[in-house]
Amino acid sequence: MKVQLNRTFPLPVSADTAWVLLQDIVSVAGCMPGARITDRVDDTHYKGTVGVKVGPASLSFRGDIEVKGVDASARSLHLFAKGTDTTGSSAASMDLTARVEALDAASCNLVGDSEVSMSGKAASFGARLMGPVADQVLGQFAANFTARLQPAAVRAAPAPAQAPPAEGKPLNALGLAWALIKSWLRSLFAGKSS
Amino acid sequence: MIPAAFDYHAPRSVSDAVKLLGQLGADAKLLAGGHSLLPMMKLRFAEPAHLIDLGKIAELRGISQAGDEVRIGAMTTEDDVLRSPLLAQKVPLLVEGAGWIADPQVRYKGTIGGDISHGDPANDQPALMVALDASFVLTGPKGERVVKADGYFLGLYSTQLADNEILTQIRISVPAAGSGWSYCKLKRKTGDFATAATAVMLQMKGKAVAKVAITLTNAGPTVLKARDAEKYLAGKALDDASLNEAARLAMGICDPTPDQRGDADYKRAMCGEMTRRALQAAHARAKA
Amino acid sequence: MGDMSDAKEREQKLQGMGTSLLRKEDARFIRGQGSYIDDVKLPGMLFGALVRSPFAHARIKGIDKSKALACPGVAAVLTADDLKPVNLHWMPTVGGDVQAVLADKKVCFQYQEVAMVLATDRYAAYDGAALVEVDYEELPAIVDPKKSMAPGAPVIREDIQDKKEVGHGPRTHPNHIFTWEAGDKAAADAAFSSAAVTVREEILNPRVHPCPLETCGCVASFNKATGYLTLYVTTQIPHLLRTVLAMLSGVAESKIRVVGGDIGGGFGNKVPVYPGYVVATVASIVTGVPVKWIESRIDNISTTGFARDYHGVGELAADKDGRIKGLRFTALADHGAFNSHVSASKLPAGLFSICTGSYAVPNAYCRVDAVYTNKAPGGVAYRCSLRVTEAVYLIERMMDILAQKLGIDKAEIRRRNFVKADQFPHTTAFGWTLDSGAYHPALEKVLKAVDYDGLRREQAAKRADPKSPTLMGIGIATFTEIVGAGPTKVCDILGVGLFDSCEIRVHPTGSVIARLGTMSQGQGHATTYAQIVATELGLPASDIVVEEGDTDNAPYGAGTWGSRSTPVSGAATAQAARKIKDKAKKIAAHLLEVAEGDLEWEIDRFKVKGNPGQAKTMKEICMVSHTGNLPAGMEQGLNAVAYYDPPNLTFPFGAYLCVVDIDRFTGESKVRRFYALDDCGTRINPMIIEGQIHGGLTEAFAVAMGQQIPFDESGNHLGNSLMDYFLPTAVETPRWETDHTVTECPHHPLGAKGVAESPHVGGIPCFSNAVIDAFSHLGVTHMDMPHSAYRVWQQCKALGLNRR
Amino acid sequence: MAHARKVSFKLNGKPVEATVEPRELLIYTLREKLAHTGPHIGCETSHCGACTVDIDNMSVKACTVLTVQCEGAEMTTVEGLEQGGTLHALQQAFHEEHGLQCGYCTPGMLTRAYRLLKENPNPSEAEIRYGIAGNLCRCTGYQNIVKAVQSAARKLAAAG
């Protein structure tokens, strides 16, 4: 099971500010829902865990993250992460290129191009959910990324009672950061529902 | 296929259940009919540390009328719905819909509340609830709140139900006399999710549509309401031209996930086809 | 007169051949007292759970058992390295290949067996399995067999990379298994070059699974003290399985007991020897306690016994009147990661060369190329004989395509090409000798029964009406099956010939026990065989007990698959009974003091010709045979064993017709009518035959309309639960109309041919022909199975039929 | 590890007790602790119905019910259909109409048909097919099962 995801998320900060955060792998990983760097092998190799929760279902993956390249001039970062779930029956990998595109002095776009692939039981049974889930995960990533840049943006955010996700805590792939993601989702379903 | 170990709780009252939910927090899952949750647990996709079984709470089961409102306890089974004379008379759409759900054994255990709370876009009740403009009673530590079905479903497995709340009751205003209804569902076989399905509630005024609700199952990350199609049909006669246009508008909001049932193209087309058929069937039943 | 009615009465009492005797086996099943594998519970039994690969192709860099071993209740964790010392980490396959029992260094298909966790109960076993940590390095997978033999394609089987052949002739690529040919290519080519008309079509028999309601499993019990191994197992071939186990384990065959018990359906799925059986057996030998392994449904569909996956190309050459001059069929066979295809040693592509069907084809050639892919192995015969469905599907589809090309009616094209009644026995271009047949009358009977001309008129009217919401299709299949493997000169498995056997013991009081080498999985053997003995020996079926499936009691036989039971074991039964009858006749002659020649047989007794008052009943003779009052030198007892090596296979046939109505807006097909006429020769129990036909047609319906095993581009299985894999319920299943003619088999002692697979083999092309016929007026010549609503809708869309 | 607990219910009229972990599924308790191997396991995802038992007047798939949920329940399995040595009309009819072959689906099929006829003593063919759609059979094609249920319905009606 492979899904391609190309998404653009507007950020309310300058391109340089965003780029600084994007280069901080540990923080970037921390923005992945339920993700955490467990140890650093060297500058470009890390070990970590990711927990994805979809309603009642949850999978947590243990694996390796490799920084394939950092291009300062293009403010672009290329990551590859792969791992197997804790029951050994599923595996996943994500090839992500994230870059920052300046809009104006105070805002920019975070552009993510990624290919997520699934193997094992998750692929056999999750096919129906995989696209949407990967979308949510990316949406949350952007939400958390923004939250780090602009804590205010989170407090200002409407609806759910819950606080913004703490690093490493697996979250409901839609529940928590919903209010924040909503606007981006709207752009996914532009002219459609919601 | 054996679930991971967990602890089991069977509270006798809603308040006890809410208390437990508060104590156990995120490690607990509510168990209703179990036909979505238990298979997930057997595959070890879900490994809750605690299950809170709502099955022993008598107050959560039953169908009654209060004024112009029908009230259904969240633990009322799909089979109860299917056999309810009250619903057959007042809300026949629910009875028709329940008949399309899974198979007899699953309907005996599966509950209307579980179907709704699960938040799976492939479940049938969300579309039926939104089409009927139902309301849900959510009970939490701070008491009850009542929310509209329309807007309750946020997305894939996500609803407005908070982690510390339980869906306890479904409230449906009895549709106006003469309303037409239909739930048209296309599936590969008994027990399968819908490839596409449409629920319609319809009121006619003479030859023209007075009021219509059109909702779609398994057409996106959650139940979809075909608002454009509804707006378009208002005041129009239901003929080939208007049916085609309504179907086209309904297809426009679909964002189905391709799977073994078909690609997005097919599923979108089937949303259109089910919409057209549901409108026709509802029209045939509506009395102006 | 009174004598006549008396004879009739006595005949009815026997409930022998031809009567619809109610099944003897029902008594336990309707009470829930069947004894299936998972019902077996032995003291101290451990439960085994398999750890399976999430990847279709990956190197195993390491396996960490520590967490699993620490799990409460877990007794042991077995991997390939643990089986190596006993040299059981690989096992030979019936396809002449070897298969990893537990993955050795790499996995070659998703869900492949990597380790087995043994624990005190199934809960601990599954907990432990989730804790075994396997370090994989994923490799590129080959899913499309057409890409298997591409230059530079990833090598799937490094273990045999340098082997020049895998059982069946030279290999041309590391992922190539064999190439098998039959017929006369030059003659066929010549026929094509000079033919008035030729047709060609690519036709797929997709990968499917037999999916019996009971999954596979076993309980292995090795007694360290006695050295005896008992294996309770879901198998259609208990005796062959025992032989394989002896070869594998080194335990003397005489010290191995295989018990089949009650089998919850087989349909081919329970013919192969699976890694689970072997690991459980080794585990029991190592631990000295019984070990149970039961497959989950997901494991069953993902890893054991798939069928088909034949990517075929059919070609016919004919004259302008549609008379066939030449046939060329080829197939690319996807055998998965190991060649464990069930086939006879000399027939790597099984009986595929039956593909000339019911038709007189002067020149024919066929070829099968088998390749490895990163998919589960298997290649079982799913309710058919080896590759017969694949062959019959091709010819029955091609007949329609030829008819279409020439504008000849699809029934007429068949009439013109049938082998005629007076041409039997008929030797085909591939060398098979069709024993007997009456194809024309069978087809005409069906066409009359359904008013074929009326149906075609209705179809024409529908086609003329642009407003018609449905498309109407009429499908015909006039198939010839090849069953009853088989003559030992043609068929053997691992060197063992495919004869079969029956041992009959008659007791003094006239009751009988018959033991056979076959294995019932629901076919009603206990009833059918008893009826054969009843008629042959003139003893009531009610007093005849049939035993199968316990290798300690039953004589050796090749088991139940390929509709072998009646053609081979049924014959053995008749012959064993006749040995007994011959002896009984001598005793009767002795008692009546006449020459044997003066005796004639009547129902249940020997009568003196011309003096009917003088007779000895079989019941009387049974007692006498256990006394001293016997002809000089004759031994006591009335027992016999017969081993039957059929002189030829048998060739059941049938004519099927199906009418479908297709919703052009959703693609849904509704089967309006299905009429099945079968000719299986002599009919032993009409009720059981009809039941077999209902079941076979239902499985054919499932295959044609919905079954397939889908994979994604990385070899992930995308349909391995009963949510996705199509098993029709009572709601989806059509009503069946059955009919028959009787053309006896000339070389079978009872004239019987076998029937259980005909409806599957003949049904599948009939459904396809019906669905495709609905589009044929628009130039459509073929649509691949399964004809799901989605796929049929795509055809409607391509033709603009879905437009309002 | 969640602690095991005692569960008691009525099985075919007799009170029974079993000590189970909360995660234990009813089908395993019946088959492995209470020696009722009539109900079978065919799919584990509640599609095939081979594990069907009757709980508190409902047909239930025992592979998707926790034993701990059954405290105080009244349960009937295929073993409970025969009364005082007399087969239930359905058991007799399945035999007479050749409504079974391998026998694996039969206990679930019978138990389901038993409840179906209690709720609808005179079902049409369509009602029977819809009513047993939660039970898969791979052998019979259902046609003789439908015949058997119809014939049992007639016998039961005649018997009053």
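Biologist: How far apart are the end C-alpha atoms of helix 3 of chain D, and what should its residues span?

Modeller: This is a predicted model, so please read everything here with that in mind. Helix 3 of chain D covers residues 106-119, and at 1.5 Å a residue its 14 residues should span 20 Å, which agrees with the 20 Å between its end C-alpha atoms.

Biologist: Is that helix largely enclosed or open?

Modeller: Helix 3 of chain D is largely enclosed by the rest of the structure, because twelve of its 14 residues are buried. Among the buried residues are T106(D), P107(D) and G108(D), and also R112(D), Y114(D) and R115(D).

Biologist: OK, chains now. Which pair shares the most contacts?

Modeller: Five pairs of chains are in contact, and of these the pair formed by chains C and D shares the most contacts. That contact takes 44 residues from chain D and 40 residues from chain C.

Biologist: Which helices of chain D supply at least two residues each to the side that touches chain C?

Modeller: Helix 3 of chain D is one of them, together with helix 2 (89-96), helix 4 (125-131) and helix 5 (143-159) of chain D. Helix 2 of chain D gives the most to that side, with four residues.

Biologist: And how do the residues on that side of chain D divide by class?

Modeller: The side of chain D that touches chain C has 20 nonpolar, 17 polar and seven charged residues.

Biologist: Then how many residues do chain B and chain A give to their contact?

Modeller: Chain B gives 22 residues and chain A gives 24 residues. On the side of chain B that touches chain A, helix 2 (37-42) and strand 8 (153-155) of chain B are the elements that give two or more residues, and the residues of that side divide into twelve nonpolar, six polar and four charged.

Biologist: Which domains does chain B have?

Modeller: The domain assignment of chain B gives domain 1 (7-53), domain 2 (62-172) and domain 3 (183-285). The C-alpha centres of domain 1 and domain 2 of chain B lie 19 Å apart, and the contact between these two domains takes twelve residues from domain 1 and 17 residues from domain 2.

Biologist: Where does the largest share of the domain 1 side come from?

Modeller: Helix 1 (residues 14-24) of chain B provides that share, with five residues. By class, the side of domain 1 of chain B that touches domain 2 has seven nonpolar, five polar and no charged residues.

Methods:
Residues numbered from 1 in each chain as written. Chains lettered and ligands numbered in written order. Predicted model: local features only at pLDDT ≥ 70, side-chain atom pairs only at ≥ 80, totals over all residues. Expected span 1.5 Å × (residues − 1). Buried ≥ 20, exposed ≤ 12 C-beta atoms within 10 Å, placed from the backbone. Contact = placed C-beta atoms within 7 Å. Domains from an automatic or database assignment. Nonpolar A, V, L, I, M, F, W, Y, C, P; charged D, E, K, R; others polar.
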